[in-house]
Amino acid sequence: MTAGGNRWTAGRLLRRRFGTRPAASILVAVIATATVLGAAIIPRLIEQQATAELTFQLQSIGVIGRSLQGASSLPEDWAAAPSPNADQLFNDLQSSFDDGRSAMPQPLRRAVGAPSWILQTPAVPSDQVGGAARTVGLRLTADRSYLKRIRIVQGTAPAVWSQSESTQSEQSATTPVDVILSVQAATRLKITSGEVIGTDEEGGVPQRLYRVTGLFEPRDPGDDYWTENPSLLPTTTMVPEHGATYLTAAAYVDPQTVGRIAYTFADARISMYYPVSATGLDGADAGRLQSELSAVKTTGIPLSDSRFSMSIVTRSDQAAQTAVDRDALLAGLLALLAAAPLGVVLAVLVLGVQVVVRSRRTDLLLASARGGSELQLRGAMAIEGALLSVPAAIVVMVIATLAIHVRPEPIGVILPALVALAPPALFAALAVTRERPGVIGRTLGALRPVAEMAVVLLAALSLFLLVRRGLAQATIAVGVDPLLSVAPLLLAVSAGIIVVRGFPLLMRTARGAAARSRGLPAFIGSIQLSRAPTIGLAGVLALVVGVSVSLFSTVLLTTFDAGIQSAASESVGADARIDAAAITPSQESAVGHLGGVRDAAGLDYLSSLAVEQASIADPVTLILAETRPLSTIRALPSGLTTEVGGRVPVVVSSDLLRALGARRTLTLGGVKLRVTGSLPAESGLGPTVDWVIADSSFAKRFSTAFTPETLLIRADPERLPLLQAPLEHAMGADKPNSGTTVLTVPTATAERHDEPAVRGVVTGLILGAALSVLLCATALVLSTVAAGAARGRTSGILRTLGMPRRRLRTLIAWELVPVAVVTLVAGTVLGIALPFVVASAVDLRVFTGSLARAVPVIDPVLLLAVLAGFAVVVAASGLVALLVSGRANPSSTLKMGAS
């Protein structure tokens, strides 16, 4: 055709298409734009999710676990004289640590901060304080920048020692070395500023004296420096090989003094750390970060003395690996969840295009009759489809790029582009340019049974591989596997095919019953349905997928929530748990008197005790417990407070019981025990293998005093959600640097729900269910609209023959209700079965943290609510069909049918 005159051209046809009946085209544009928006945003949100997961994992291990820590002895071989100055003492070491950081590759170097380090001697015991006999110990500490970190609240900073150990003079022995103590340590040691600490002489040899010149507090108690060096502020108990225990404390000396007491610092240790930031890292770099951290741990940091390197320890590499594994599994799980809704999106898009194409059918046939070639007409429809999707896709991509700042990944561009090109391809493929199908149409129709069989076989193969390989193993090994991810979609499509193929057989039985009745609408409706469902394969597929995915998401949500609740109870070990360095009787009493606390059982731990039995080689942890209150929290046997035949009665872990075999007696740390019961090894008591519980009244038998480190609490269920703050206040855990942690089951559950990976799974499940309902409603409405022409012709004929308009409602009910009932049943069966398939293939413990593998939890009330929602959707679709048929003009439908 040529342009001009009254001849048709593709451009003129295109302009006419947009000028008439634009509602269907607008709907397709909205669907395409929404799909492109999802394709553009979802990959970016997954990238943000990966970054949030890496940040969370690094934050969860704390400052100490995250940092790169090293410790070694001093590499320098100092000469006795002259005494080295501060530059000689510290510059080479500082350069070694700075060079070590500079040598780290990216992205590791970006996360690692400047090094910080101290020198600290072992505890130096002294038997006099201020002239009074009392044993204390000082851990002499040197740090070039310590004055920037402390605030002197009493006295002055230590001066450089005026003497030298290299000179064995009486003056050097009697001149005290200036030190400064923390207020916290001085209070515990009962030492004031100005007091001298030391030993006058030992074996006739004068010993070093130390003068406390002042007391200090941290300038910033929240500084990581104090967390990384926990010995700097409090006192610790020294347990010598022989003799009584005594308290020790860190004492800063002037850095220049280190060179003057080099002999004293000969056994000093360097404690160095590089702080590692938990933020500012890209989740896509987690794998590289893990490998780089592993390399640093392997090679260490070379020191100024090149004979050896300082070894590095950190848990950041484990955190990064956990983030990688969880991200990979989350991506696979989300792909599994998204495949079916994406299939419905495609079905809805096809239905929308069909509605548009059918509205263009008459014009396309007229254009073809007037000489328009098939290529021209299909090209015009493709251009129409491109105008509906491509400009909107470009705008959406720009907005998504500006709104969600992530590092560009190819999938974030390729996927939206493919979605944007789908409408023009569908417009061209579905355009009707002749009355009867051509060779291609007949060929495709002949191949449909083959395609349906291929889908069923692929569904079986995908399901087999999913159960056999498991999603976690496949995803971590090769990434998101498309064949495994589309398993739910293939199963839903297979169910839809079975419904479409089997539904006419069912309706033929109904047709016989309808023929014997007096109802004409029932007879006509059964005849129509005996050929195929009126809403077609796309509508059936949308309904089956919508129902199955919604029920699947609902069951998986309840399963996921049950797993998180179980994990919270397991991690807490009771209704609430308190952990501290030492829990005083007054604190335990304060906790016991809180409203809502029913019982509180204290636990103390003695680790690495040897069992005097050949079959048990590993050390055992002894748990001293207040067994009476503990018996209300754990199922303990009675009689744990009374000896049995001269032996201490104990409860052992299940693994230790197996190692004992038939024996029920053992000797632990020289104490004879009798086993009176056992509990699972992972019982939330602290250790998870090889442990023994004995009543706290037997503490002296093990040469120790009972000082609880843990309190397990049984609480009133109604008041448990409100116990977190009162418990923290009773234990002083609400104060900075208390060292005490309080955890309740509701708090642990909330914390688990707040994890990025868990939020990602829950959000994906909720969106999957909501999107399925929305898409199902859209698909049914489009299906009823697409069937409007055939319905209009039938309605026109029946109304011409005298059927009242109100009886047409029965015909529409026959069009929707039977197929809706069948597809709802098929979708329900599939939706309840899918969680069991996924639970067997996906280990949700990676997300929930529970010990037991998840078993699907079915809530009948929620499932009925979802099915009721779909019933409402079907009813709404019937109302739309009724409105469409109500506008049909009998004369026009008959005229179009005749033509």
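**Exercise 1. Determine how arginine 326 and glutamate 755 interact, and where each of them lies.**

Solution. Step 1: the side chains of arginine 326 and glutamate 755 form a salt bridge, at 3.0 Å from N to O. The term denotes a side-chain nitrogen of Lys or Arg within 4 Å of a carboxyl oxygen of Asp or Glu. The model is predicted: local features need pLDDT of at least 70 and side-chain atom pairs pLDDT 80 or more, whereas totals for chains, interfaces and linings use all residues. Residues are numbered from 1 along each chain as its sequence is written, and side-chain values use heavy atoms, with hydrogens and water left out.

Step 1: arginine 326 belongs to helix α11, while glutamate 755 sits in the loop between α24 (745-753) and α25 (756-786), so the pair ties together parts that are 429 residues apart in sequence. Helices (H or I, at least four residues) and strands (E, at least two) are DSSP runs, numbered from the N terminus.

Step 2: arginine 326 counts as buried at 5% relative accessibility, and glutamate 755 counts as buried at 7%. Buried means under 20% relative accessible area, exposed over 50%, and partly exposed in between (1.4 Å probe, protein chains only).

Step 3: a network of salt bridges links Glu53, Arg326, Arg752 and Glu755.

**Exercise 2. Describe the salt bridges of aspartate 178 and glutamate 292, and state how many salt bridges the count gives.**

Solution. Step 1: the count comes to 15 salt bridges.

Step 1: aspartate 178 pairs with arginine 211, and their closest N and O atoms are 2.8 Å apart. Because aspartate 178 lies in strand β6 (residues 177-182) and arginine 211 in strand β10 (residues 209-218), the pair ties together parts that are 33 residues apart in sequence. Aspartate 178 is buried, with a relative accessible area of 9%; arginine 211 is partly exposed, at 31%.

Step 2: glutamate 292 pairs with arginine 288, with the closest N and O atoms 4.0 Å apart. These residues stand four positions apart in helix α10 (residues 286-299), so about one helical turn separates glutamate 292 from arginine 288. Glutamate 292 counts as buried at 11% relative accessibility, and arginine 288 as partly exposed at 44%.

**Exercise 3. Which residues of the largest nonpolar core touch the most other members?**

Solution. Step 1: a nonpolar core is a set of buried Ala, Val, Leu, Ile, Met, Phe, Trp, Tyr and Cys residues joined through side-chain atoms within 4.5 Å. Leu333 and Phe847 have the most contacts with other members among the 68 residues of the largest core.

Step 1: helix α11 (residues 316-369) supplies the largest share of this core, 21 residues.

Step 2: another core of 56 residues lies apart from it, including Val129, Leu138, Ala185 and Phe265.

**Exercise 4. Characterise the nonpolar surface patch that contains Val825 and the position of alanine 103.**

Solution. Step 1: Val817, Val821, Val825 and Val829 form the patch, with about 340 Å² of accessible area together. Patches are made of residues with over 30% relative accessible area and no salt bridge, like charges being joined within 9 Å and nonpolar side chains (Val, Leu, Ile, Met, Phe, Trp, Tyr) within 5 Å. Accessible areas come from the Shrake-Rupley method with a 1.4 Å probe; for residues, only the protein chains shown count as cover.

Step 1: valine 825 is located in helix α27 (residues 808-841) and is partly exposed, with a relative accessible area of 48%.

Step 2: alanine 103 is placed in the loop between α4 (86-102) and α5 (108-111), and counts as exposed at 63% relative accessibility. Alanine 103 and valine 296 are 193 residues apart in sequence, with a C-alpha to C-alpha distance of 9.9 Å.
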